[in-house]
Structure formats: structure tokens, C-alpha cells
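Okay, everyone, thanks for coming. Let me put the structure up, and then I'll walk you through a few spots.

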Amino acid sequence: MKIKILLVDDHQIVLKGISFFLSMQPDFELVGEAQNGREAVDKAGELQPDIVLMDLNMPVMDGIEASALIKEQHPHIKVLVLTSFSDQSHIVPALHTGAIGYMLKDVEPDQLAEAIRSAYKGNIQLHPDISRALLSRMEPELNVEPVRLQPNKDKALDVLTPRELEVLELLTKGLSNKDIAQTLIVAEKTVKTHVSSILSKLDFTDRTQAALFAAPLFQNKGQMA
């Protein structure tokens, strides 16, 4: 089964270049293109893609508003941002729409393809520069209580129990409470309790913040293992 992709970008040269690259991938099916946010929302409803590859700065309706509408109307569709904006004034609002990831247009083609495949599986995707920007933004909050959260970011997870770490790692992969419960073979109510405890210990207000913070930490630990 191929991954169905809707490509959204208002620059014709960029649109055609990415379109050609996607068409060369044997497991991708480019089901449509859109050149503004309004068109993206309409085509997402019509074509029901698996992934919407979304630019941000577009006429008629920008990518942030379009992403929010797509996620509201079609929660199963995954939005992966692909933009040239690396500032937090774009990153945070885009991720708050429910987008599964944020990639920059300077990403290597093969890395973009792998990000699309991983996002399709429900894994959060962040360009390395975006991971660093988010961690930098969150660092002051993480140092509010230095006794609990060490200056070394990797030590921030030490306040969690082994089970909470398992739950958090599954959160970074985009799993719902129900999916986590099935994976760990526990009650969904138990998962909700663990998530609440994780948010409290790490001083985050929602699971998205916790997942975005922890994703690069688990990735780093996996690379060192």
C-alpha cells in the first residue's frame, strides 16, 4: 500500500521539484497539489491523503490555519510541515495545530522521504534545527526547580519511573492513550494516570509539549546504545 500525499506550496518551482521527487519514490502516491491553504483544506477533504506536506506562508489562507482546519475536520490525516521558517513564532503555532512534524526545506531529499514514512507510522518528525530551537525555548521552564530537573537535559527524565518513561517514549511516537494501553497491556485509565504524572513532573501543560521535548532525548539515547 502506497502512502498518499497531498503537496501544498505556493511556489511553482518548489511545487514541481518536490512533486517530481515524491513521484520517484516507489511507496509514495502524490494524489494532489494545492497552492494555498484554502485549496489544501478542500483537497484534503476530497482526496483523503495519508500525509499533507504543508508549506506555511501562502496566499488566501496560511499553512497554520489550514493545518488546524484539516486536523479539526479530518483527525486521521497527518500534517507534516515543510517550510523555510525556522523561528519559534512559526514553529510553536504550527505544532499546536496538531501537525505531526516540522521540517525545513533545506533537508536532504532522502531525509524528507524517511520523515514522511515515519510520520505515516505516527512518529513525530522534527528537523534537527527545530529540535534545538524547541529545547532552547523550553530550557528556562525546565530549570525552574533545579533539584528535580538537572541542567543536563538528558537528566530531566530521571524524575520519571521506568513505566512513565515507557509511556513517554510511546507518546513521542504519536500513540494515543488507547494505543499505549494496548502496547503495554494495561488499562487506558492507568495510562491517563501516568500521562498526568509525567506532565506534572516535567512541568508541561499538555502531552504535545512533553512529546516534543522528549523525542530528541530518546533519539539520542537510542544512538548511544
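Let's begin with isoleucine 185, which counts as exposed at 74% relative accessibility. For the words I'll keep using: buried means under 20% relative accessible area, exposed means over 50%, and partly exposed is in between, with a 1.4 Å probe and protein chains only. Isoleucine 185 sits in the loop between H8 and H9. Those labels are DSSP runs numbered from the N terminus: helices are H or I with at least four residues, and strands are E with at least two. Isoleucine 185 also has a positive phi of about 55°, although it is not a glycine.

Quick word on where this comes from. It's a predicted model, where local features need pLDDT of at least 70 and side-chain atom pairs count only at pLDDT 80 or more, while totals for chains, interfaces and linings use all residues. Residues are numbered from 1 along each chain as its sequence is written, and side-chain values use heavy atoms, with hydrogens and water left out.

Leaving aside neighbours within four places in sequence, valine 186 is in contact with Arg163, Ala181 and Val191, where contact means heavy atoms within 4.5 Å.

There's another positive phi to look at. Valine 60 has a phi near 70°, and valine 60 is not a glycine either. Valine 60 lies in the loop between E3 and H3 and counts as exposed, at 69% relative accessibility.

Now, who else is in that loop? Aspartate 55 is, in the loop between E3 and H3. Is aspartate 55 buried or exposed? Buried, with a relative accessible area of 3%. UniProt, in an unreviewed entry, lists Asp55 for "modified residue: 4-aspartylphosphate". A caution on that: UniProt positions are given in the numbering used here, feature names are shortened, and annotations may be inferred rather than shown by experiment. Setting aside neighbours within four places in sequence, aspartate 55 is in contact with Val8, Asp9, Asp10, Gly63, Leu82, Thr83 and Lys105.

That last name takes us to salt bridges. A salt bridge here is a side-chain nitrogen of Lys or Arg within 4 Å of a carboxyl oxygen of Asp or Glu. How many salt bridges does the structure hold? Nine. In one of them, lysine 105 pairs with aspartate 55, and the closest N and O atoms are 3.5 Å apart. This pair links distant parts of the chain, 50 residues apart: lysine 105 is in the loop between strand E5 (101–104) and helix H5 (109–120), and aspartate 55 is in the loop between strand E3 (51–54) and helix H3 (63–73). Lysine 105 is partly exposed, at 31% relative accessibility.

Next, glutamate 164 forms a salt bridge with lysine 201, with the closest N and O atoms 3.0 Å apart. This one also links distant parts of the chain, with glutamate 164 in helix H7 (residues 162–172) and lysine 201 in helix H9 (residues 188–202), 37 residues apart. Glutamate 164 is buried, with a relative accessible area of 5%, while lysine 201 is partly exposed at 23%. And going back to aspartate 55, salt bridges that share partners join Asp9, Asp55 and Lys105 into one network.

Last stop, the inside. In soluble globular proteins, nonpolar side chains tend to be buried together. By nonpolar core I mean a set of buried Ala, Val, Leu, Ile, Met, Phe, Trp, Tyr and Cys residues joined through side-chain atoms within 4.5 Å. The largest one here has 25 residues, and those with the most contacts inside it are Val8, Val52, Met54, Ile70 and Tyr102. The elements giving two or more residues to this core are strand E1 (3–8), H2, E3, H3, strand E4 (78–83), helix H4 (88–96) and E5. If you click on methionine 54, its contacts beyond four places in sequence include Val8, Ala40, Ile70 and Leu82.
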